[in-house]
Amino acid sequence: MFLQFLFISSAILTLACTVAVLVTKNLMHSCVFLLGTLVGMAGLYATLGADFVAVTQIMVYMGGVVILMLFAVMLTGGKDFVSRAQNLLGLPASMGNKWTYSMGIFVGVVFILTNVKLLSSIIKTTPTKTIGNDFPSTVTQLGHLLVKDHVLAFEISSVLLLGALVGAAIIARPRKQN
Amino acid sequence: MLPAQFDGLMPVVIFMALAVLLFLGGHFLSVLLAPKKPSELKSTPYECGEQPVGSAWSMFNVRFYVVGLIFIIFDVESVLMFPVASIFKELNEMGQGGYALIIFLSFISVLIEGIAYCWRKGDLDWVKSFQHSLKKETK
Amino acid sequence: MMSLASYLIISMVLFVVGLMVMIARKNIVAILLGIELILNAAALNFVAYSRYVTSNLDGHIFSLFIIVVAAAEAAVGLAIVIRFFQIKETIHVDEATQLRN
Amino acid sequence: MEYTVGSIAPIFLSPVIAFVINAFLGRKLPRHGDWLATLSIFISFIFSARIFGDFLFGKFATDYYIHKVFTWFDLSYGTQIFKVDMGIYIDNMSAIMLLMVSGVATLIHLFSTWYMDHDEKHGRFFVFLPLFTSAMLGLVLSDNLFSLFIFWEIMGFCSYSLIGIYNKKEKAGDASLKAFMTTRVGDVFLLLGIVAIWMVLGSVAYVDIYAAIAEGKFTGLSVLGISFATFSALCIFLGAMGKSAQFPLQVWLPDAMMGPTPGSALIHAATMVTAGVWVSLRMYPLMVLGDITWFIAVIGAITAFGAATIATVQTDIKAVLAYSTLSQLGYMILGVGVGSYNAAFMHVITHAMFKACLFLSAGSIIHSVHEQEMPKLGGLRKYLPYTHFAMMCCTLAIAGIPFFSGFVSKDRILGDALYYGFMAGQNPLLAIVPILGFAGAGLTAFYMFRMMFLTFYGENKAHHDDHGHGHHGDHGHGHEIHHEHLDARQNVPLLILSVFTLGFWFCGTLTGQGFGKVFGSKTEWFKILVEAPKVEKFVNSPREPFSKVDSKPEAHLEHAHYHHQTGYAGPNPDEHKLHSAHTIGAIASIIIAFSGVFLAFLMYIKGSVKPWASRFPGFTKVLQNKYYFDDLYIEVIIKKGLLNLNKGLSWFDMGVYDRFAVDGWATVNRWLFKASKWFDNVVVDAIGVDGTGVAVNLFNLVLRIVQSGKIQFYFVMLVMVLASYIWTLNI
Amino acid sequence: MNQTVVSYLAQYEFFDFLVAIFKNNQSLLSFLIYLIFALLIVGMCATIGGLGTYAERKISADIQARIGPNRVGPYGLLQFLADGVKMIIKEDIMPATADKMLFYLAPLLCLTGVFATLAVLPFAGGFIMTDLNVGIFYLVAISSLVGVGVFLGGYASNSKWSMLGGMRGASQIISYEIPVTISILAITLLAGGMGFGTIVSNQGGLPHQWFMFHNPFAFLATFVYFVGALAETNRAPFDLPEAESELVSGYHTEYTGMRFGFFALAEYIEVFVVCGVATALFLGGYNIPGLDIDILPLQAIQFTIFMTKTLLLYYVVIWIRWTFPRLRVDQLMSICWKYLTPIAIFNLVGCAIWMVAFNGKSIAELVFGSH
């Protein structure tokens, strides 16, 4: 009962915010709607019994990525995307125009059709388990997986992050005046 | 008789909902009770009585971004460390403490390298870039 | 109502919208938003399969690493965007057609 | 005694650790970490001594060995086996070699701390020295050719670094490059041989190779028209020639003295050059199977004699030593070739001892006097008494004077060579081997005593000059020579080494010929313990995993007993002939050695015989130019040969190919062109060319849109292609 | 499976009776129980938050040798109610150039982030709303919503003071999250789990059983956590985002009336939560000294112990605010990245090594022998 409620509300939050990301005129709002999408995704993870992934989603995206994006929006001219001259569709130029939107919709339709073709057969043929209402703790299992089976990925991810840190810090570091 | 297990998530949702309700309720109350006398002066941003010049949405120092950048990397690393940390004790009691320690320390050592790099390169200094650019300009 | 199919459909919608964002927007930051959506769609599929099809948690590990990689990608991508903006004074994607400044 | 990884690995690892620490932290350590390097080698020495002691006093059996294996990587898939094992192989020979390498290296390190003190390259020197030593120790420990090759190359790199350590000097840089490139010629062949064996056996472990020889796996195979065994043995021996500086790849070693003298001591005495002999000894059964021992013997004899002749005219003290090393290496290789397995290896050991001591003594002289040209030295006996003593012992040893180690080992080699050349019924042309060998022995005695007399006897020219011209004169070598005191780092290593120039340590008897036993029951331990591997016993020998504690029952080991032996194939039927050959050889070599010494005495002390340098100026010039080998390589092979080959090729390219093929074709084309011109004008140009142009333009329009650099367009294209692909799938 | 209030109550017989009343619609029953408890907690926290403003003024007055509020109610105790009423009846002003949606959303995000943390706070043995397996991790994660709220509040006002405050606030909050998270990791390591129930039950009532005195590294981690938490809640001396003398009022310069009230409420409740977490992680939580049982009447004692410790910490927070001068922004950053974070990593490494070296025993167990 509650599970269904959680699923429906999360799904609605996710989908609504996703669409809002697409259609909103303001990049800042777009980022905030992305936040909503991500929170909804966390809810969906929770309905799948993936508590750790859900909280990771909140921690990394909400605490990190979204704030970073908001910073980036501010740093790349917060006013720019609002004050720019608007085009026929009433959207700021940098947020897309009629042509790009129609292209996007076209691609989206093509993709959905393709995906429906794929999914229809996949859903039919994939044997799914019957799921009880159990909500086992995933943390210890994930810990064991990270330490045993996926230890290499675990260690390499640290190197990946180090690389990302160094690379991004070099790129973003304030330069001397030319 | 035990309750359904997913109900354990209910308080989270309830508290969030309560926050929203409280917020809406507060607004409702203030709509009911608060006076409404808008004027142009009230709706200008506060700048100590001066006429505001330009929008506040202007560009900021890249330093903020660099801090955010370092943060997100460390954030993700600590996320990955949480499951390992929470089974650390269990592994230790199973007699695999040394192995877990090596895994854990080699992960952390990379983290330390990251912070050492940023420290070395001055990304952790807030003022350095300002002073640097000031010196440049005075020359 | 709660089944693999519904999660797959949600993930499909996320993916499509992400794709549309990437194509429709001309702002590089907005394109990065689209990329985040697409990555999330993939991660959701992994977890859904982990719950409904397989009986192990490898899907969770996968989505964990997707989140990790997404964070790294966002950090580097946005750094590039900021650098690009410092050079070109714009973040319109059509300006970014050359590999050198 | 038990052998675990923990009791063997430190031999190799402790110098490696010292290397790592010195490489990264050397600058911050006191004295650049030279004490650390020395200490690490000393640790190796202790562990080696333990193994040696166990092998000599505990097991004392010829066929005892330790072989531990671990899988380095395993890429097998299905029936395709691709598995590389690494391991440790220690037999009696390894145990002796380990002790020698680590012991000599310890003393050289100790000496270097004195010699390199206040040198600008002090720190770097002590980075490479332990690495070099560890590579040699690893080479000795390794159980297969592949890991041997790895250490081989590490040594090559280290010798390159050590020779060229004074990188400001152009000559040093050239010398290091020369060493590197020349040994590389040999290394290519070595690798070729290893790969060839790998392709046939799927393994390059010594035991596997021995077992394969015993089982006859190599018979019937042939490569390039020669038998496989010959091919692989030849390749491996060519590698050994490069490393051990055998004729005609000898040119690098004399130049290698550009490095600091202790480095030369390490390269020339204990480590690198003996690696070539080592691999020849290890692969001895293969050499026998491939029937190239005569080749080995001839090469060794030529090197031994040729280098000795050159050494007679050198004036630089280090150059004399370098050529004497070449010559002695020639004896070792000669020993391998004539089947004197045991004596060749003994010569490796004895030579390592006295040559290390000689080089260190030379270093001591150079460091004290700051002069290395012998004509400018003289009379140093009074100033450097300890150095003089050590150097004299070593000179006696290398000259083959009885009671000293060089006599024992060299005499045995020469005796076997005598047997090989005259009595074994070989090709009579091979008589050249003992003849050259004995001639070289005489020359050795001559040039070594020439060096001694010029350096330590007579009057001190450098010193005298100083006094003559006063202190304001030429200060180029105007250092005051101080009387030498006993110093733990300067002299004591020399004295310790000079103790081991006595022969009885190695042969158990004072004379080396069976008289005057010293060691009692274990007389001739060396000869008993070291013998050519008997390949039959390696068939199906069990492999021990790396982690296993060694627990071979000692009771099964029968104590070794000594028998004469030349080849690997058991007791020699011609034992009495061999014995008489040895007796003749001993007497002959004593006579020859003393005559060499006497000649030197006459020339350089008494002065009653004029040095032959002035009597045969033409020949002297040839010798001084080292038989023009450098010129041969540079002027003839590289400049005339390779450059002319280049020129010839380019001439072929320009003159033949270009003129006939290209131009000729052009002529044909011209006719064809004329013939087709009208066709071209009428048909092709109007329809084809213009039509193509229009088509390309149209296509270009489309492509230009696609190649816009606009990333979103690429997204669209990507999705379209993906979608079209999925729609073609039949699901 | 998670321990919750409901599953705690379910072990008593009257729960079955209640289930019967609700015709076996267990979810509804759970929902009601949760709702009641949630309202209780929210009411309590709102009161504490309100009283916090009063306490703050009163304590500051004491420190500065003044009297402080003394008009409304006995000892001015009802001052916060008067403040609340005042906020509600103030006019809501929004700058004309503001981003309206985000202007509304920002305080809501702060409030949601803080309220959601209350769901896992361990008040007493059975009185944890839900003892999620990812408890402390969840708390850290969800409270980062406050950072977004602060930033958006600053941004949406379109005022320069607000913008500066918001930028500073966001970067301060995210920066100090790192030492806090790593200190918490150290405790996770010691406790062997992230759930609050696990963490608290691994400690004891007496001080030597607390994680604070488990080993020297944990002792250091306590202070790292506390300093970082102060900064995360924008409390003095880390109150740069709302520094009056520099930025007028920081990110909530343009906020008036109820919306300002929500920011303030969120801040005060967050301070309470942070102190509660410190209590649960380091100071032994709700454990009764010497007693190790979990039955219904004793819950009250447990609750009292927890609240006492928390409120003592709350007092310390206020005390610090009125004692220390504010930091400069560059000092703020260098304290975080050059002192706290390396120390925190050192603590984490030290705790890990301690765990392996001493097999998870605390100092007291090593000294006095385990019991």
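Me: How many residues does the contact take from chain A and from chain E?
Reply: The model is a predicted one. Residues count as in contact if their C-beta atoms, placed from the backbone, lie within 7 Å. On that criterion, the contact takes 19 residues from chain A and 25 residues from chain E.

Me: Which helix gives the most to the side of chain A that touches chain E?
Reply: Two helices of chain A, α2 (27-47) and α3 (51-75), each supply at least two residues of this side. By class, the side has 15 nonpolar, three polar and one charged residues. The helix that gives the most, with 10 residues, is α3(A).

Me: How many residues of chain B are in contact with chain E, and how do they divide into nonpolar, polar and charged?
Reply: On the side of chain E, 83 residues take part, and chain B meets them with 64 residues. The residues of chain B on this side divide into 43 nonpolar, 14 polar and seven charged.

Me: Which helix gives the most to the side of chain B that touches chain E?
Reply: Helices α1 (10-33), α2 (62-93) and α3 (97-120) of chain B each supply at least two residues of this side. The one that gives the most, with 16 residues, is α1(B).

Me: Why is α1(C) largely enclosed by the rest of the structure?
Reply: Helix α1 of chain C covers residues 4-24 and reaches 30 Å from its first C-alpha to its last, close to the 30 Å expected at 1.5 Å a residue. A residue is buried if 20 or more other C-beta atoms lie within 10 Å of its own. The helix is largely enclosed because, of its 21 residues, the number buried is 18.

Definitions and conventions:
Residues are numbered from 1 along each chain as its sequence is written. Chains are lettered from A and ligands numbered from 1 in the order in which they are written. This is a predicted model: local features need pLDDT of at least 70, side-chain atom pairs count only at pLDDT 80 or more; totals for chains, interfaces and linings use all residues. Two residues are in contact if their C-beta atoms, placed from the backbone, lie within 7 Å. Helices (H or I, at least four residues) and strands (E, at least two) are DSSP runs, numbered from the N terminus. Ala, Val, Leu, Ile, Met, Phe, Trp, Tyr, Cys and Pro count as nonpolar, Asp, Glu, Lys and Arg as charged, and the others, Gly among them, as polar. The expected span of a helix is 1.5 Å times one less than its number of residues. A residue is buried if 20 or more other C-beta atoms lie within 10 Å of its own, exposed if 12 or fewer, and partly exposed in between; C-beta atoms are placed from the backbone.
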